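User: I am new to this structure and would like a short tour. Could you take my questions one at a time?

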Amino acid sequence: MNENAFDPTAWARLEGPSPMPGVEDRTEDRFSAWWDDAASAQIGVVGSPNSTERMSADILMDKTKESLVGEWVAIPFMQDGVDTLTVGQIMSVEMRNDLLEGTTARSVVSRLGKVPASASEDLYRAEIQVTATFARSSKEHSGAVLPSMMGTVPPSGTPVCLVDNAFIERLFAKQTDDLFFLGTAYSGAKGRRILLPTWVRHFRSGEGGAGDTYHMGIFGKTGSGKSVLAKLLLLGFARHPETSVFVLDPQGEFSRDAWNLPSSDEGFRLKWGEVAEKHFRKRLILVPLRNLVLDSWDLFKDVIGQAVLFQWLGYPRGEKRALAAELLSVHLQKGGFALRELASREAFDEVGKAVCDENFVRRIYATSESATAKLQQAVGYWEVPSMKEDLWRAWSSMASLFDDKRPGTVSVSALVEEVVTGGKVVVVNLSREGLEAGTSIAAGSHNILWNEEIQGMLILRLLSSLRERGEIAYLKGKRLNTMVILDEAHRFIPRGTLDGQKEAIRDLLVEASRETRKYGIGWLLVSQTLASLHQEVVSQLRVLLVGYGLNAGSELQALRELSGGDQRAVSIYQRFPDPHAALEPSSREYNFMLLGPISPLAFSGQPLFLSAFTDPHSFLFANGLEGGSSEPA
Ligand SMILES: Nc1ncnc2c1ncn2[C@@H]1O[C@H](COP(=O)(O)OP(=O)(O)O)[C@@H](O)[C@H]1O
Ligand SMILES: [Mg+2]
């Protein structure tokens, strides 16, 4: 993951003077003096063998009963005469007892049924993955903490200490504004949890910026906490004044709990919209689909293809219906109808004329018997007044989606303009609920067979418009600073062969994901699968957050590849408990493996393990956002 490597110069602006002549010899200022109680924090000593990436520690005798895998440790030592601290995570613990390895000894033990006291010297060794190294400049240089490198390995016998919250706080004291907390560091141990420092940076340079646009992905089985984590990240982005967040919400879930908490959900009850407005002064724009004006004939063809009209007329789905939609669209355009006029009685009459016209039907059905049958069906509908009235209602509610004169509506381009100006949070509710919202036409949505194809088409329309807007800005020498969040992304950007329309949508989305980074548009994709999300899109993700459940077959294989073949990291991942298997809801854990540059604890994007906050208060508190915004538990 080389291109992902964290760039230490990004800290320079935060830190002032660069390293670091003149060594301060006063030991009380050293890293080693940072622990409140270094003696009890010490769990081991540096053992052997060691490298600059992996170190081993011999665990102190009285700490061998503690659960240590996943714990964060720090090793203070001197390098080039400079006070240095290397930080890492315990990836595995191994026990050896050389005395017991021989067959004679083992047979004695098996006869005795216990280990004789003389042979009970078990040696525990922890393997540590080094993820970050820091150095402290001298007093004259303010004693600042700077990212450094392991150029050598601390000598054996150097103390290895557990990192605690106070230590983390002190280590990143100068970056507190930059950090955004999503949860604690996952460790096998229940009791001890340290806040995992992470950053959610915007795409420009300057304060809080990564200086580059990047895409992110959240993965995991249904119920693994992806959407909740996406909302926390949403707030992480919304925190930056100039950053906009554009949420494409196929399940309507982001829209629903921005302000209100559905009583059915016992889980993470955070009114994220309130936090965004109250604490980050963001303008929040929630757009139910019904309020979005569909503004292209392509969309019309798509929607009409799924509308009940053709179903009632007996046109089977697929090719025939697509052709009929195409012909009808051409027919109406030739008749001089604008999109906004489609919901008129005149347009409806024109539709009647078309589908009851032999020539129209013959272009769809080559054989005359089928053509005659379809024709009779259409004429039958149009001639019976009550049936015709039903059709009219179905037609007008569908066609009104294209009418930009409806009150309260917004066009796609106007909405995109909102997104890109002035740092807002815009959520488009693409669910059926969003289609029904506030509709004046009773049961309007039942007249459209709501499906992924239409949703995909709308997502494409919205993203293409955003991309065009980004391109215009780019040509003027500007870059947007916009994060797009797409929930349920696997449904729209799957891998493999698809049939016609879906494939076209997918391919265009893939292409867009490739292009938009240049314009300052990053994507946060939320997906149930890693293996079945389009490969090219996956390969573009710079930061991945992988929750519970990709434990088998191709999913695990894909995860292995993404984590650089790090088997120890993958086995920690595999030990995540299933949140749904928890005996009580309160003991549920929502853990994620993080890959990519998302934490100052992992310079080169080594895997990290996050246990997401399980209640809104901890989240708000850790990020200094207390004061309302969530319901008391
Ligand atoms: N960090 C968390 N703490 C507490 N409850 C959570 C957390 N993450 C998810 N949940 C709860 O678990 C359920 C599934 O979460 P959700 O984010 O919708 O999962 P996914 O999007 O992966 O299907 C919801 O009821 C949610 O409130
Ligand atoms: Mg979800």
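User: What share of the residues in the protein is buried?
Analyst: In this predicted model, buried residues account for 45% of the 633 residues in the protein.

User: How many helices and strands are there?
Analyst: The protein contains 22 helices and 19 strands. Its C-alpha atoms fill a box of roughly 100 × 65 × 45 Å along the principal axes.

User: Turning to the ligand, which residues are closest to ligand 1?
Analyst: The closest are Gly-225, Lys-226, Ser-227, Val-228 and Gly-267, out of 15 residues that surround ligand 1.

User: Which helix gives the largest share of that shell?
Analyst: Helix α5 (residues 226-238) does, with 3 residues. By class, the shell around ligand 1 has 8 polar, 5 nonpolar and 2 charged residues.

User: What about confidence, and which elements have the lowest and highest mean pLDDT?
Analyst: The mean pLDDT of the protein is 87, and 90% of its residues reach 70 or more. Helix α1 (residues 12-15) has the lowest mean among the elements, 40, while strand β9 (residues 215-219) has the highest, 98. Over residues 1-25 the pLDDT is below 50, and this stretch has 48 contacts in the model beyond near neighbours in sequence.

Terms used
Residues are numbered from 1 along each chain as its sequence is written. Chains are lettered from A and ligands numbered from 1 in the order in which they are written. This is a predicted model: local features need pLDDT of at least 70, side-chain atom pairs count only at pLDDT 80 or more; totals for chains, interfaces and linings use all residues. Helices (H or I, at least four residues) and strands (E, at least two) are DSSP runs, numbered from the N terminus. A residue is buried if 20 or more other C-beta atoms lie within 10 Å of its own, exposed if 12 or fewer, and partly exposed in between; C-beta atoms are placed from the backbone. A residue is near a molecule or strand if its C-beta atom, placed from the backbone, lies within 6 Å of it. Ala, Val, Leu, Ile, Met, Phe, Trp, Tyr, Cys and Pro count as nonpolar, Asp, Glu, Lys and Arg as charged, and the others, Gly among them, as polar. pLDDT is the predictor's confidence in each residue, from 0 to 100. Two residues are in contact if their C-beta atoms, placed from the backbone, lie within 7 Å.
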